[in-house]
Amino acid sequence: MPANKKLLLLPGDGVGPEVMHEVRRVIDWMARRRRASFELAEDLVGGAAIDAHGSAISAATVARAKEADAVLFGSVGGPKWDTLGFDNRPEIAILTLRRELGLYANLRPAIVLDPLLDASTLKPDVVRGLDLMIVRESTGGIYFGEPRGVETLPDGQQRGFNTETYTTHEIERVARVAFELARKRQNRVTSVEKANVMESGLLWRQVVTALAAREFPDVTLSHMYADNCAMQLVRNPRQFDVIVTSNLFGDLLSDLASMLTGSLGMLPSATLGDTDPTTGRRYALYEPIHGSAPDIAGRGIANPLGQLLSFAMLLRHSFAMEEDAAMIERAATNVLASGLRTADVMAPGAAQVGTSVMGESILRELEKLAA
Ligand code: NAD
């Protein structure tokens, strides 16, 4: 049984601790069934950390994250901390972790599970069997480029400006993640930019093309303009396998893609960084895409599946535990197929359950699958 993998849990605020609790039960089950045991640590982040020691993430927590083999993050934020300034908000926790761990490749799968086919606003025929992965560059581009600011012009008008910048290195490393993922999937990458109107987009296209020829000649590469990609995602999303794109376009396209599945509480994500040459460990953080859901926090009705499927991604990408990852995903599909639903994905004829009954049902299903 694989052991001694260091796993840091950061539940955060709102529904974060509620859904993380269900992951802990699965971790306990894995240990009981002798499938895997982890060296577990848990820490405060977000509003909970601000309340405890004044900042959204402490230096000690960052150090612990760097020592861990993988970090599982819940969600942060809530109305209680909304009045704090920009430099001391709960969200600083995730931004700090991304920066300190150098997490530059954000993986956002969009998968439509058969039992949730009707949750999408698109026709079932368009989304049935959808399984695509968006790889978004997440530490560069226009959100970080310099110069940026707001200036006052001689005529008294104001002018706001931001700069899209990408270097060869930044493009290559995120594209490499996409190509490597594609090799484990359908072996196809669509690189998305606006090479027709942006110099940074033109460079992006040239660098991705050269990298593919040099290191990934076996992977089928195509290019698409970002506006066309948005349209194609709604028209025929199943044409895609892996999409790789910049921070800005990835932000928009991954939100669009997540809504193809129609269920925010279900969706996992991962953010990967470089491999540390001394430890051989790849920095990685996993989190559901939903936030702290203050409107339902404390009521025991949150959907734990986004958090649980993030844990499955962690097992697959950080710990190479494909069998366990696939088993958790199958358990989630089977439980939904049996007609159990949390309120956010409730459908006519299904039975509505809360967070902990959903968690228990997953454990029962895992027990069956492992038999
Ligand atoms: P949200 O994702 O928290 O909630 C949006 C809607 O989805 C709400 O109606 C909520 O009840 C529902 N929802 C979310 N997760 C759910 C789950 N697991 N089960 C069932 N329903 C679920 O987004 P928001 O309302 O825009 O933001 C709330 C807070 O979360 C804010 O403080 C925001 O800054 C923060 N936030 C944090 C993260 C993060 O930690 N990475 C991400 C997004 C938002």
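The model is predicted: local features need pLDDT of at least 70, side-chain atom pairs count only at pLDDT 80 or more, and totals for chains, interfaces and linings use all residues. Residues are numbered from 1 along each chain as its sequence is written, and side-chain values use heavy atoms, with hydrogens and water left out.

Start with the domains. Domain 1 comprises 1-111 + 263-371, and domain 2 spans 131-260. These bounds come from an automatic or database domain assignment. The two centres, taken over C-alpha atoms, lie 26 Å apart. Each domain gives 19 residues to the contact (heavy atoms within 4.5 Å).

Now the interface. Domain 1 and domain 2 bury about 1500 Å² between them, and 58% of that is on carbon and sulfur atoms. Buried area is the accessible area (1.4 Å probe) that two parts lose on being put together, summed over both. On the domain 1 side, Y104, R108 and A110 supply 43% of the area buried against domain 2, more than any other three residues. R108 also forms a salt bridge with D255, with the closest N and O atoms 3.0 Å apart (a side-chain nitrogen of Lys or Arg within 4 Å of a carboxyl oxygen of Asp or Glu). The interface holds 1 salt bridge by this rule.

Turn to the ligand. A polar backbone atom of A293 sits 2.8 Å from a ligand oxygen. A backbone N or O atom of S292 lies 3.1 Å from an oxygen atom of the ligand. H290 places a polar side-chain atom 3.3 Å from a ligand nitrogen.

Terms used:
A polar contact is a pair of N or O atoms within 3.5 Å; within protein, one must be able to donate a hydrogen and the other to accept it, and residues adjacent in sequence count only if both atoms are side-chain atoms.
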